[in-house]
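Biologist: Hello! I am new to this structure and would like to learn how to read it. Could you take me through a few features?

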Amino acid sequence: MDNPNAPAAGTAADSDISAESSSAADLNQRLAALLALIAEGDQSAFAQFYEATSRRVYGMARRVLIDPGLSEDTTQEVFLQVWQGAGAFDPAAGSPIAWLMTIAHRRAVDRVRSVQSATDREARVFASSQEADHDSVAEEVDDRLEAEAVAGCLETLTETQQESVRLAYYGGLTYREVAERLGAALPTIKSRIRDGLIRLKTCLGVA
């Protein structure tokens, strides 16, 4: 007995699959032709290529980077590479879409690494700055200035700055210990101490 639920040969579903395959093949053929023209400096071909593929490139970048602005910048970088390096496309190595998506993915990953590297670099600079403030002010206060002058300048700080600076430099506590003692967030304590040290330097005439 025939199965009433089994799709018959030549159904609409088969036609759709065939149409999709044909459409993908046509698109890749068209893009390959455009890339050949772009390699020769054809700006019109580049505009057509961009219009046909930019959404896919942006989508790839957005999935990796999340941030819309970074994704837009990366998309522009991808198409700049296409304009400059269209001649590098090899039809024998794969389809134009696969080639383009590979470029997009690499660019997005490079941008992630670049952003992370910049973040790490800023963190190191900030940490170094904090340590430098601690060391230089502590030495200058101990070695060059009298206790009375220091006490007078401490009075120019806000109460929260005075409290934080006294605990860190006279109480011998670390920034984290000061934060725990005062029940404040560590970044807040670091900011208070940094601002307090700057005001101390100004008051004490330390260059």
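Modeller: Gladly! This is a predicted model. Let us begin with Gln48, which is partly exposed at a relative accessible area of 34%.

Biologist: Which cut-offs does "partly exposed" rest on?

Modeller: A residue under 20% counts as buried and one over 50% as exposed, so partly exposed covers the range in between. Gln48, at 34%, falls in that range.

Biologist: Where does Gln48 lie, and which residues does Gln48 touch, leaving out those up to four places away in sequence?

Modeller: Gln48 is part of helix H2. With those sequence neighbours left out, Gln48 touches Arg30 and Leu34. Between Gln48 and Arg30 there are 10.0 Å from C-alpha to C-alpha, and the two are 18 residues apart in sequence.

Biologist: What about aromatic rings: how many aromatic pairs does the structure hold?

Modeller: There are five aromatic pairs. One of them joins Phe46 and Phe79 edge-to-face, with 6.4 Å centre to centre and 80° between the planes. Phe46 sits in helix H2 (residues 43-65) and Phe79 in helix H3 (residues 68-85), so this pair ties together parts 33 residues apart in sequence.

Biologist: Is Phe79 buried or exposed?

Modeller: Phe79 is buried, with 2% relative accessibility.

Biologist: And what should I know about phi?

Modeller: Most residues other than glycine have a negative phi. Here, Ile66 has a positive phi, near 70°. Ile66 is found in the loop between H2 and H3, and is exposed, at 57% relative accessible area.

Terms used: Residues numbered from 1 in each chain as written. Predicted model: local features only at pLDDT ≥ 70, side-chain atom pairs only at ≥ 80, totals over all residues. Heavy atoms only, no water. Phe/Tyr/Trp six-rings, centres within 6.5 Å; stacked < 30°, edge-to-face > 60°. Helix = DSSP H or I, 4+ residues; strand = E, 2+ residues; numbered from the N terminus. Buried < 20%, exposed > 50% of the residue type's maximum accessible area, 1.4 Å probe, protein only. Contact = heavy atoms within 4.5 Å.
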